[in-house]
Amino acid sequence: HVPTYHAWMEDPWLRAMTASERLSLPAEFAMQRAWRDDPNKLTFIILDKSRDNAMAGDVNLYFTVGEGGASATDVDYSAAEVEVMVAA
């Protein structure tokens, strides 16, 4: 899915709408690995059944960290920011 995502993010409008920076493909792979390993983030891939389950977008969850007097390493899994992108 990383090459598909990278191709989408070559679009300046899509980068502006997602507040994303342009990355090289190797940097995109590194970013995806960092997201995979970060306990404060989750990504779900949206598939389009009408296009043979082709990747159509993603949903990102950013869990609350250090809110309400908690330390910067405390994660509140009951609260998260949600970001949805449909690009295809």
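1. Let's start with how the chain folds back on itself. Take the contacts (heavy atoms within 4.5 Å) between residues at least 6 apart in sequence: 37% of them join residues at least 24 apart. Keep in mind that this is a predicted model, where local features need pLDDT of at least 70 and side-chain atom pairs count only at pLDDT 80 or more, while totals for chains, interfaces and linings use all residues. Residues are numbered from 1 along each chain as its sequence is written, and side-chain values use heavy atoms, with hydrogens and water left out.

2. Now the layout. You'll find three helices and three strands in the protein. Helices (H or I, at least four residues) and strands (E, at least two) are DSSP runs, numbered from the N terminus. Going along the sequence, the order reads α-α-α-β-β-β.

3. What about inside and outside? Of the 88 residues in the protein, 24% are buried. Here, buried means under 20% relative accessible area, exposed means over 50%, and partly exposed is in between (1.4 Å probe, protein chains only). The protein exposes about 5900 Å², and carbon and sulfur atoms supply 56% of that area. Accessible areas come from the Shrake-Rupley method with a 1.4 Å probe; for residues, only the protein chains shown count as cover.

4. Which residues make up the largest nonpolar core? There are six: Tyr5, Trp8, Met9, Leu14, Met55 and Met85. A nonpolar core is a set of buried Ala, Val, Leu, Ile, Met, Phe, Trp, Tyr and Cys residues joined through side-chain atoms within 4.5 Å. Leu14 is a handy one to click on: leaving out residues up to four places away in sequence, Leu14 touches Trp8, Met9, Met85 and Ala87.

5. Have a look at His6 too, which sits in helix H1. His6 has a relative accessible area of 14%, so it is buried. Not counting residues up to four places away in sequence, its contacts are Leu23, Ser24, Leu25 and Glu28.

6. Next, the aromatic rings. Searching the whole structure turns up one aromatic pair. The ring centres of Trp35 and Tyr62 are 5.3 Å apart and the planes are at 75 degrees, so this pair is edge-to-face. For the rule behind that: rings of Phe, Tyr and Trp (its six-membered ring) pair if their centres lie within 6.5 Å, and planes under 30 degrees apart count as stacked, over 60 as edge-to-face and the rest as tilted. Since Trp35 lies in helix H3 (residues 25–37) and Tyr62 in strand E2 (residues 54–65), the pair ties together parts that are 27 residues apart in sequence. Trp35 counts as buried because its relative accessibility is 17%, while Tyr62, at 22%, counts as partly exposed.

7. On to charges: a search of the whole structure gives four salt bridges. A salt bridge is a side-chain nitrogen of Lys or Arg within 4 Å of a carboxyl oxygen of Asp or Glu. One of them joins the side chains of Glu10 and Arg22 (2.5 Å, N to O). Glu10 is in the loop between helix H1 (2–8) and helix H2 (12–17), and Arg22 is in the loop between H2 and H3, so this pair ties together parts that are twelve residues apart in sequence. At 30% relative accessibility, Glu10 is partly exposed, whereas Arg22 is exposed at 56%.

8. Asp37 and Arg36 meet through their side chains (3.1 Å, N to O), and both Asp37 and Arg36 are exposed. Lys41 pairs with Asp38, with the closest N and O atoms 3.7 Å apart. Lys41 is partly exposed, with a relative accessible area of 26%.

9. Val82 belongs to strand E3 (residues 75–86) and counts as exposed at 52% relative accessibility.

10. Last, a backbone detail. Most residues other than glycine have a negative phi. Asp52, though, has a positive phi near 55 degrees, and Asn53 has a positive phi near 60 degrees. Asp52 is in the loop between strand E1 (41–48) and E2, and Asn53 lies in the loop between E1 and E2. Asp52 is exposed, with a relative accessible area of 72%, and Asn53 is partly exposed at 43%.
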